[in-house]
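Here is a quick walk through one protein model, from its sheet to its cores and its charged pairs. Have the structure open while you read.

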Amino acid sequence: MKEIIKNNIEAVIKDKIISQSSVSGGCINDAEVIKTKSGKTLFVKTNNNSAKDMFFKEANGLRELAKADVIRVPKVIYASDDFIIIENITPQIKSKAFWENFGRSFAKLHKITNPIFGFSEDNYIGSTPQLNIGSEKEAVNWTEFYFNKRLLYQYKIAEKNGYTGEELHQAFSEFEKIISSVLEDCKSEPSLLHGDLWSGNFIIDETGNACLIDPAVYYGHREADLAMTKLFGGFDEKFYSAYNEEYPLDDGYEYREDIYKLYHVLNHLNLFGSWYYKQAINLIKSYL
């Protein structure tokens, strides 16, 4: 941590930092647990050449999830251009009913709804901007919102980055013609979404239950959140069973799963390169 940032943090918390320990796992910003002279332990992320508003957007996402009061998120203490300070939660061991509790709580989160799709501000999915301010039509039409603000936006970034070969270009063009038929039967309402939930974006708190971190919050179709949980192997089946008991999924959700994975695979293509190219094509072609 740079000395100037350390001094600024001390000024904010009105306390002296006596120790710092790096935390692994993040690929965008640097993370540390700090201990203070008065005995506080806090979690701090510092900006590693990321967008200057990233921590403000993260703080607002955490606060939006916290307002639901159905699943724990770390308390936000302070956010600035250069750092964010949040409650430190030391990872613990899962409770016996961890996955069932997590599934039910996540379903309750999705029961929190909004009149329109999107969010009050744009934010980030990883380090990629995530567009949340829809047009008048997009705000009330999930297919329009999802295609334009999620898939098409990521595709255009990939095109700019030189990641869209002829095969992806052709597949995406064909897919654009049929997306309405893929999503026409989904009963989509604007549910509160974490936006980027996988095994690296929750921790286990002192009660043995889940605590959500690193959100990409917006209001959208809840199946999009569940699809992301399955992108890297999925969670324990008890999670999905408990979710479905609390808030039963609509018919066809398994068919729509790949269309929601596609957003994240295109984002990974843009963040990490051609390793994800073939996966993006395969997801699209599953509908052609």
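## Ground rules

Two strands count as paired if DSSP finds at least two bridges between them. Helices (H or I, at least four residues) and strands (E, at least two) are DSSP runs, numbered from the N terminus.

The model is predicted, so to speak of a local feature takes pLDDT of at least 70, and side-chain atom pairs count only at pLDDT 80 or more, while totals for chains, interfaces and linings use all residues. Residues are numbered from 1 along each chain as its sequence is written, and side-chain values use heavy atoms, with hydrogens and water left out.

## The five-stranded sheet

Let's start with the open sheet: five strands in the order β1-β2-β3-β5-β4, paired antiparallel. At the edges sit β1 (17-22) and β4, each of which pairs on one side only. Ignoring direction, neighbouring strands are turned by 25° against each other on average. (Axes are lines fitted to C-alpha atoms, for helices over the stretch in contact, and angles run from 0 to 180 degrees between N-to-C directions.)

Zoom in on β4 and β5, which pair in the antiparallel sense over three bridges. Which residue of β5 is the bridge partner of Ala-79? That would be Ile-84.

## Helices on the sheet

Helix α1 (residues 3-13) packs on this sheet and touches β1, β2 (30-36), β3 (41-46), β4 and β5; contact here means heavy atoms within 4.5 Å. The direction of α1 makes about 45° with that of β5. Helix α2 lies across β3, β4 and β5, and runs at about 160° to β4.

Glu-58 is a residue of helix α2. Is Glu-58 buried or exposed? It counts as buried, at 10% relative accessibility (buried is under 20% relative accessible area, exposed over 50%, partly exposed in between, with a 1.4 Å probe and protein chains only). Setting aside neighbours within four places in sequence, Glu-58 is in contact with Lys-45, Ile-84, Asp-214 and Pro-215.

## Nonpolar cores

A nonpolar core is a set of buried Ala, Val, Leu, Ile, Met, Phe, Trp, Tyr and Cys residues joined through side-chain atoms within 4.5 Å. The largest one here has 75 residues, and those touching the most other members are Phe-102, Trp-142, Tyr-146, Leu-151, Leu-212, Ile-259 and Tyr-260. Helix α4 (residues 142-161) supplies the largest share of this core, eight residues.

Take Tyr-146: leaving out residues up to four places away in sequence, it touches Leu-151, Ile-179, Leu-183, Ile-259, Tyr-260 and Tyr-263. Another core lies apart from the largest one and has nine residues, including Ile-13, Ile-34, Phe-83 and Ile-85.

## Salt bridges

A salt bridge is a side-chain nitrogen of Lys or Arg within 4 Å of a carboxyl oxygen of Asp or Glu, and by this rule there are 19. Arg-72, Glu-87, Asp-205 and Glu-206 are linked in a network of them. Glu-87 and Arg-72 meet at 2.6 Å, N to O, with Glu-87 in strand β5 (residues 83-87) and Arg-72 in the loop between α2 (54-68) and β4 (76-79), 15 residues apart. Glu-87 is buried at 18% relative accessible area, whereas Arg-72 is partly exposed at 24%.

Arg-72 also bridges to Asp-205, where the closest N and O atoms are 3.1 Å apart. Asp-205 lies in the loop between β9 (202-204) and β10 (210-212), so this pair ties together parts 133 residues apart in sequence. Asp-205 is buried, at 3% relative accessibility.

Elsewhere, Lys-149 forms a salt bridge with Glu-138, with 2.8 Å between the closest N and O atoms. Both Lys-149 and Glu-138 are buried.
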